[in-house]
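These are my notebook entries on a structure that I looked up residue by residue. I record each item together with the terms that it needs.

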Amino acid sequence: MPFNSVISRTDAAALIQPEIATEIMKNVATMNPIMQLARRLPNLSTSQRTIPVANALATAYFVNGDTGLKQTTDLDWASVTLTVEELAVIVPVPEAVLDDTNYDIWNEVRPALTEAFNVAITGAVLYGTNIPASWTTALGAAGLFARANAAGHVVSAANYADLYEAIMGETNAGVDGLLMTLEADGFMATGHIASVGMRGRLRNVRDINGQPIFVRSMQDSTRYELDGAPIYFPTDGSIVDATSWMFSGEWNQLVYAMRQDITYKVLTEAVIQDAGGNIVYNLAQQDMVALRAVMRLGFALPNPINRINQTAATRLPFAVLTA
């Protein structure tokens, strides 16, 4: 008697419909603010893509007189490797639930999968949570927060007179606020991702007459903006307010690519264990099945040289606001 039997994708075709896979993938890309703001590259046919990055700038010279000699210049390129890594989640379901024809299990599974993938992607890219080693190399650090900290791009609101100064301006001593930190490196903020708590802080910023400052510039119909750029407030807890209030940046500098859309496998004769090796579910013994969902994608931050800041260690198109 086999102990490793599994229902193949073909066997489970009636349960796992192609349009469901497409819908979940679409929801991940639509609901994840990083994937909305970052630049998506064409899908990969292999597990890696090498991205050429300008590492030196050209120089032009005026010619001295009619017979002056024209000078030469050099150009140089480095490379960043975008590596695809696997992201997966398992959803255990009692067979009794699947047998209940009056209950649409996919109405519960779809948002659960979307949230699981969103939280995992956001945590890895922003904070380095469970980040693959290849992404650490491609981003220049274990997540954008660590990279911003290394570049001196973490701005503490406590060092400014108020939140408006911390975001939009500078101190009386000339210390750059959040957006000016980006601009000093030659970048413009194209979007912001903030904690839910930051939304209330922005509403509370007032002028000398007690009138809210960000009402007109931040809210346009159902979309919020900050200094003309969209701002997102994920409600899945992926932005840790105690660590960072807001990530701002020129997000098209961050790139990602998909190797494949979400694929599935239904597990029936298997056990699910925790990190300590303890059996959480015994599928056969507990009359359960488990749906395993897998997607493969990669992120990279090429960070090419520009004429405002030519030092790679301090040049960064992202900055983070903290308490």
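Entry 1, Pro33. I placed Pro33 in helix H2, residues 33-37; helices (H or I, at least four residues) and strands (E, at least two) are DSSP runs numbered from the N terminus. I then listed the contacts of Pro33 beyond its neighbours within four places in sequence, and these are Ile193, Tyr232 and Pro234; contact means heavy atoms within 4.5 Å. Pro33 and Tyr232 are 199 residues apart along the chain, yet I found their C-alpha atoms separated by 6.6 Å.

I am working with a predicted model, in which local features need pLDDT of at least 70 and side-chain atom pairs count only at pLDDT 80 or more, while totals for chains, interfaces and linings use all residues. Residues are numbered from 1 along each chain as its sequence is written, and side-chain values use heavy atoms, with hydrogens and water left out.

I found Thr83 in strand E4, residues 76-83. Thr83 counts as buried because its relative accessibility is 12%. Leaving aside neighbours within four places in sequence, I listed its contacts as Ser47, Gln48, Ser134, Trp135, Leu297 and Gly298.

Which residues touch the most other members of the largest nonpolar core? Of its 44 residues, I noted Met35, Val125, Leu126, Leu144, Trp251, Leu254 and Phe299. A nonpolar core is a set of buried Ala, Val, Leu, Ile, Met, Phe, Trp, Tyr and Cys residues joined through side-chain atoms within 4.5 Å. Helix H4, residues 106-127, gives the most to this core, with eight residues. I also noted another core apart from it, of 22 residues, among them Leu182, Tyr224, Trp245 and Ala319.

Leaving aside neighbours within four places in sequence, I found Val125 in contact with Ile34, Trp135, Leu139, Gly143, Leu144, Leu254 and Phe299.

Terms used
Buried means under 20% relative accessible area, exposed over 50%, partly exposed in between (1.4 Å probe, protein chains only).
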